[in-house]
Amino acid sequence: LDLFAGTGGLGLEALSRGAQHVTFVEREKSLYKNIIKNITHLSYENKIQAACSDAFKWLKTNKKKFDIIFLDPPFDQIDYKILIRTIYQSNVLNEGGKVFLETNKHTELELSKTQNILKDKTIGDVLSVKNPTLNRAVTLPTQTWPHCLCGPKRSSSNNFKDRRSAA
């Protein structure tokens, strides 16, 4: 699932690396149209589903489950705590699935005790974090997805900066 798909880069990269199917959800109509154009150009029409919709509204009506969820929402325009909780409550993540989230490097995340960060990476002003299994959902990268590797829980702290400095 490429939620807040933007240009569709994360989902397209997943397809190019062998993903069997990607669902793109993008609210902005011009970006959505560009995703469709790129999918057609790359001949991925049979491997995708695309929706021009608000991510939160889409999550309320979606019935599918996913192994991997990419979240790259507009920085500073979203409450990450609500986003992560919504992902968890929507039951959209398969057992053992992973959520990748990309944020501004100054963003502090509040994760539950069942959620942990496996890997984080900062590139410029962007922080990408990967979280694997957590009874369901959460945590993140995007452009660094191919570089993220699973790892042990880093800290029990709910302060993201603390987790990063403890690594």
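How many residues line the largest pocket, and which of them lie nearest its centre? The lining of the largest pocket has 20 residues, and Phe4, Gly6, Glu26, Asp72 and Pro74 lie nearest the centre. The model is predicted: local features need pLDDT of at least 70 and side-chain atom pairs count only at pLDDT 80 or more, while totals for chains, interfaces and linings use all residues. Residues are numbered from 1 along each chain as its sequence is written, and side-chain values use heavy atoms, with hydrogens and water left out.

**Pockets**

A pocket is defined on a 1 Å grid over the protein atoms alone, as an open set of points where a 1.4 Å probe fits, with protein on both sides within 12 Å along at least five of seven lines; a lining residue has an atom within 4 Å of a point. Grid points are joined across faces, edges and corners, and the volume is the space filled by probe spheres set on the points. In the classes used for the linings, Ala, Val, Leu, Ile, Met, Phe, Trp, Tyr, Cys and Pro are nonpolar, Asp, Glu, Lys and Arg are charged, and the others, Gly among them, are polar.

| Pocket | Volume | Lining by class |
|---|---|---|
| Largest | about 390 Å³ | nine nonpolar, six polar, five charged residues |

Helix 1 (9-16), strand 2 (22-26) and helix 3 (55-61) each contribute at least two residues to the lining of the largest pocket. Helices (H or I, at least four residues) and strands (E, at least two) are DSSP runs, numbered from the N terminus.

**Aromatic pairs**

There are three aromatic pairs in the structure. Rings of Phe, Tyr and Trp (its six-membered ring) pair if their centres lie within 6.5 Å, and the planes count as stacked under 30 degrees apart, edge-to-face over 60 and tilted for the rest. One of the pairs joins Trp58 and Phe66; it is tilted, at 6.3 Å centre to centre with 40 degrees between the planes. Trp58 is buried at 9% relative accessibility, and Phe66 is buried at 7% (buried is under 20% relative accessible area, exposed over 50% and partly exposed in between, with a 1.4 Å probe and protein chains only).

Phe70 and Phe100 form another tilted pair, 5.5 Å centre to centre and 35 degrees between the planes. Phe70 belongs to strand 4 (residues 66-71) and Phe100 to strand 5 (residues 93-104), so this pair ties together parts that are 30 residues apart in sequence. Phe70 is buried, with a relative accessible area of 4%, and Phe100 is buried, with 1%. Phe70 also lies 6.0 Å from Leu3, C-alpha to C-alpha, although the two are 67 residues apart in sequence.

**Salt bridges**

Side chains of opposite charge can pair when their charged atoms come close. A salt bridge here is a side-chain nitrogen of Lys or Arg within 4 Å of a carboxyl oxygen of Asp or Glu, and the count is two. In one, Glu13 pairs with Arg17, with the closest N and O atoms 2.4 Å apart. Glu13 is partly exposed, with a relative accessible area of 30%. In the other, Arg27 meets Glu28 at 3.6 Å, N to O. Arg27 is partly exposed at 48% relative accessible area, and Glu28 is partly exposed at 38%.
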